[in-house]
Amino acid sequence: MAETVNEFTLPNGEHCRRELLRYRWFADLPADAIEHLVSCARLRNLSDGQCLHRKGDPGDGLYGVLSGGIKVSSSSADGREAVLTILEPGSWFGEISLFDNQPRTHDGWAQGATQLLMIPRAGFQQLLKQHPELYAHFVQLLCWHIRLSFSVIEDTAFLPLEGRLAKRLLMLAEGYGRTEARGTRLQLHVSQEMLGLMLQASRQSINKHLKEWERAGVVSLHYGSLTIHQHDTLEQIAQSH
């Protein structure tokens with residue numbers, strides 16, 4: 001039985017090492033740095049809809065999504081929700097609070113059964129103290145998130161809903177997609193309503209475009225998932241506006 005550390009468990013070292021090495025971003029680290037991360041890593045399992053952290057919480061570590069997903073969102077005083085993105089397996093997050101020592105910028109919620117790998121703040125800081133040359137490596141992750149945020153702002157300003165939806169589905173396909181004979185089947189952890197929140201549109205507007213694409217043979221809609229049959233068409237829609 002795994003040892004419990006607060007709400008976290010200690011992972012099998014070999015399993016942890018294998019998971020880290022799956023991602024080039026970590027595989028490029030020096031061998032002793034990887035072993036340091038393996039020694040301090042923790043696992044956390046969340047059920048669908050469970051809160052990982054809230055906006056304003058202290059940053060406790062660097063997180064990686066092993067399975068499931070994390071919805072990154074904020075809520076207004078009157079209960080309205082704005083969804084920034086869904087972090088799919090392979091995504092790492094939480095570095096902002098580790099670098100500036102400020103609270104979490106958004107809420108984090110599990111989408112489906114979710115397993116996370118966490119590098120605690122103390123272990124992360126000790127790693128950088130021992131290997132200050134790795135600052136540039138981790139700043140790359142921060143810059144990637146900044147570029148993603150600018151891209152979302154730009155898309156919202158310049159792309160019509162059809163283009164934003166096509167682009168977001170292609171992003172989800174890259175992260176969540178499972179190849180099948182008839183296309184790439186997306187086991188969506190997000191509802192049409194949540195897609196609307198992500199794209200600042202109503203569920204009805206999202207459904208309208210998806211139904212049009214289904215009639216054209218671009219996608220097929222299923223309960224809780226969809227199949228993309230024509231990637232090229234979605235790419236053309238995303239780039240043509």
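How many aromatic pairs does a search of the whole structure find? The search finds four aromatic pairs, where rings of Phe, Tyr and Trp (its six-membered ring) pair if their centres lie within 6.5 Å, and planes under 30 degrees apart count as stacked, over 60 as edge-to-face and the rest as tilted. The model is predicted, so that local features need pLDDT of at least 70 and side-chain atom pairs count only at pLDDT 80 or more, while totals for chains, interfaces and linings use all residues. Residues are numbered from 1 along each chain as its sequence is written, and side-chain values use heavy atoms, with hydrogens and water left out.

A pair of aromatic rings is described by the distance of the centres and the angle of the planes. For Tyr63 and Phe93 the ring centres are 5.5 Å apart and the planes stand at 15 degrees, so this pair is stacked. Tyr63 belongs to strand S5 (residues 61–67) and Phe93 to strand S8 (residues 92–93), so the pair ties together parts that are 30 residues apart in sequence; helices (H or I, at least four residues) and strands (E, at least two) are DSSP runs, numbered from the N terminus. Tyr63 is buried at 1% relative accessibility, and Phe93 is buried as well, with a relative accessible area of 9%, where buried means under 20% relative accessible area, exposed over 50%, and partly exposed in between (1.4 Å probe, protein chains only).

The rings of Phe99 and Phe124 are arranged edge-to-face, because their centres are 6.0 Å apart and their planes are at 80 degrees. Phe99 lies in helix H4 (residues 95–100) and Phe124 in helix H5 (residues 121–130), so this pair ties together parts that are 25 residues apart in sequence. Phe99 is partly exposed, with a relative accessible area of 27%, whereas Phe124 is buried at 1%. Phe99, Phe124, Tyr135 and Phe138 form one aromatic cluster.

Leaving aside neighbours within four places in sequence, Tyr135 is in contact (heavy atoms within 4.5 Å) with Phe99 and Leu128. Tyr135 and Phe99 are 36 residues apart along the chain, and their C-alpha atoms are separated by 9.8 Å. Helix H6 is also the place of His137, which counts as buried at 13% relative accessibility. With neighbours within four places in sequence again left aside, the contacts of His137 are Trp25, Asp28 and Leu29.

Turning to charged side chains, the structure holds six salt bridges, a salt bridge being a side-chain nitrogen of Lys or Arg within 4 Å of a carboxyl oxygen of Asp or Glu. One of them joins Lys167 and Asp155, whose closest N and O atoms are 3.1 Å apart. This pair links distant parts of the chain, since Lys167 is in helix H7 (residues 161–176) and Asp155 in helix H6, 12 residues apart. Lys167 counts as partly exposed at 30% relative accessibility, while Asp155 is buried, with a relative accessible area of 13%. Elsewhere, salt bridges that share partners join Glu14, Arg17 and Glu35 into one network.

Another salt bridge is formed by Glu81 and Lys71, with the closest N and O atoms 2.9 Å apart. Glu81 lies in strand S7 (residues 81–87) and Lys71 in strand S6 (residues 70–75), so the pair ties together parts that are 10 residues apart in sequence. Glu81 counts as partly exposed at 27% relative accessibility, but Lys71 counts as buried at 9%.

Two packed helices are described by the angle between their axes and the distance between the axes. The axes of helix H8 (residues 192–199) and helix H9 (residues 203–215) come within 8 Å and cross at roughly 105 degrees, the axes being lines fitted to C-alpha atoms, for helices over the stretch in contact, with angles running from 0 to 180 degrees between N-to-C directions. H8 and H9 are therefore roughly perpendicular to each other, given that angles under 35 degrees count as roughly parallel, over 145 as roughly antiparallel, 65 to 115 as roughly perpendicular and the rest as oblique. In their contact, Gln192, Glu193, Leu195, Gly196 and Leu199 of H8 meet Arg203, Ile206, Asn207 and Leu210 of H9.
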